[in-house]
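Colleague: I am new to this structure. Please take one part of it and walk me through it closely.

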Amino acid sequence: MVDQSAVGREFTPVTARVEPGRLRFFLDTLGESNPLYRDTQAASGAGYAAPPVPPTYLFCLEMMDTTEPFEFLTTLNIDIARVLHGEQRFDYHAPVVLGDTLTFRPRVTGVSEKKGGAMTLVMVETSVINQNGVHVADVSRTVVIRNPRPS
Amino acid sequence: MTPNVGARIVHKEFPPITRHRLALYCGASGDHNPIHVDLDFAKKAGFPDVFTHGMLVMAYLGQALTDAVPPQRLRTFSTRFVAITQLGARLTCEGHVSELIEHNGEPCAKLALTTKDENGEIKLAGEAVIAL
């Protein structure tokens, strides 16, 4: 079971590039038709250097380009069949646009028990820096682990 | 223009969630957790069927949000995943101004956001801070 000793644990940084084909696949999957995300002219009209990414896409970029999928789960010995997503938060500090190369640095910031140990909540915070060293965002997630009943 | 507290500014409805959509989202998002696409795996994990990625639902909420508010004004966006979103769910995303605040020295509005299914059950409860 994950306990307080996990707090402070850092995972392998992930470098991800915002690629046009992959972004279009994401937009198409969601039926996203806002021209801002697809059209360079519309984006530049709104003050962007290139089309921006939609609000939740940072979460995806980290998963797509990690060289160690589910490292968080394997390192902490968590069964993927027992996890649920509890909470998700994005803090946006600067634009992220097509062509950017981002570095994600995830770390465990909290572990707590719920419902008398039936669930463990793990908080992971990830800072995101772009190719120019600009801190563009912080991405935080709370993962819920459904613990097996003690036998 | 400063919006009024209580003003409903986000509203969007989405088509029913299909297995096909979950498969596409699995690939498009990089979230390859089999529980969302592999029925055998989901059953073995104790679920009656596969279910929607929370982040797909949050992506819909984000879409509804940036239909109403230009993304360059978005400062924070957060959600709690209140309940599992089943296959076939027809989701409606809504948001209203809950408070006018200062965020890092900038005048902002806080929005209270929800995503509900066709039965009115809340799936996501969220919040966004937007610059005015």
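What is the strand order of the open sheet of 10 strands, and is the pairing parallel or antiparallel?

Modeller: This is a predicted model, so read what follows with that in mind. The open sheet runs in the order 1(A)-3(A)-4(A)-5(A)-2(A)-2(B)-5(B)-4(B)-3(B)-1(B). The pairing is antiparallel. In general, the strands of a sheet pair through backbone hydrogen bonds. Two strands sit at the edges: strand 1 (14–17) of chain A and strand 1 (8–13) of chain B. Each of these pairs on one side only. On average, neighbouring strands are turned by 20 degrees against each other, direction ignored.

Now go to the place where the chains join. Strand 2 of chain A, residues 83–92, pairs with strand 2 of chain B, residues 74–81. The sense is antiparallel, over five bridges. Arg89(A) stands opposite Ser78(B). Asp91(A) stands opposite Thr76(B).

Helix 3 of chain A, residues 57–65, touches strand 1, strand 2, strand 3 (101–114), strand 4 (119–129) and strand 5 (135–146) of chain A. Its direction makes about 110 degrees with that of strand 1 of chain A. Helix 3 of chain B, residues 54–68, lies across strand 1, strand 2, strand 3 (92–103), strand 4 (106–116) and strand 5 (122–131) of chain B. Helix 3 of chain B also lies across strand 2 of chain A. Helix 3 of chain B runs at about 130 degrees to strand 1 of chain B.

Along the sequence the pattern is β-α-α-α-α-β-β-β-β. The C-alpha atoms of chain A fill a box of roughly 60 × 30 × 25 Å along the principal axes. Of its 151 residues, 36% count as buried. Take the contacts in chain A with a separation of 6 or more: residues 24 or more positions apart account for 68% of them.

In total, 29 residues of chain A are in contact with 32 residues of chain B. Helix 1 (20–29), helix 3 and strand 2 of chain A each supply at least two residues of the side that touches chain B. Strand 2 of chain A gives the most, with eight residues. By class, this side of chain A has 18 nonpolar, seven polar and four charged residues.

Helix 1 of chain B, residues 19–29, belongs in this picture too. Tyr25(B), Ala28(B) and Ser29(B) are buried there. Seen down the helix axis, the buried residues fall within an arc of 80 degrees, so they line one face of helix 1 of chain B. Their cover includes helix 1 and helix 3 of chain A, together with helix 3 of chain B. Just after helix 1 of chain B comes Gly30(B), with a positive phi of about 80 degrees.

Then look at the nonpolar cores. The largest has 53 residues. Leu58(A), Leu61(A), Ala137(A), Tyr60(B), Leu61(B) and Ala128(B) touch the most other members. Helix 3 of chain B brings the largest share of this core, nine residues. Leu61(B) is worth a stop. Leaving out residues up to four places away in sequence, Leu61(B) touches Thr79(B), Cys93(B), Leu113(B), Thr115(B), Leu124(B) and Gly126(B). Another core of eight residues lies apart from the largest one. Among its members are Phe72(A), Leu76(A), Val122(A) and Val143(A).

Gly31(A) is in the loop between helix 1 and helix 2 of chain A. Gly31(A) counts as exposed because 11 C-beta neighbours lie inside 10 Å. Gly31(A) is 57 residues from Gln88(A) in sequence and 22 Å from it in space, C-alpha to C-alpha. Thr40(A) lies in helix 2 of chain A, residues 40–45. Thr40(A) is partly exposed, with 13 other C-beta atoms within 10 Å. Beyond residues up to four places away in sequence, Thr40(A) touches Ala50(A) and Pro51(A). Thr40(A) and Met63(A) are 23 residues apart in sequence and 26 Å apart in space, C-alpha to C-alpha.

Technical notes:
Residues are numbered from 1 along each chain as its sequence is written. Chains are lettered from A and ligands numbered from 1 in the order in which they are written. This is a predicted model: local features need pLDDT of at least 70, side-chain atom pairs count only at pLDDT 80 or more; totals for chains, interfaces and linings use all residues. Helices (H or I, at least four residues) and strands (E, at least two) are DSSP runs, numbered from the N terminus. A residue is buried if 20 or more other C-beta atoms lie within 10 Å of its own, exposed if 12 or fewer, and partly exposed in between; C-beta atoms are placed from the backbone. Two residues are in contact if their C-beta atoms, placed from the backbone, lie within 7 Å. Two strands pair if DSSP finds at least two bridges between them. Axes are lines fitted to C-alpha atoms, for helices over the stretch in contact, and angles run from 0 to 180 degrees between N-to-C directions. Ala, Val, Leu, Ile, Met, Phe, Trp, Tyr, Cys and Pro count as nonpolar, Asp, Glu, Lys and Arg as charged, and the others, Gly among them, as polar. The arc is that of the directions from the helix axis to the C-beta atoms. A nonpolar core is a set of buried Ala, Val, Leu, Ile, Met, Phe, Trp, Tyr and Cys residues joined through C-beta atoms within 7 Å.
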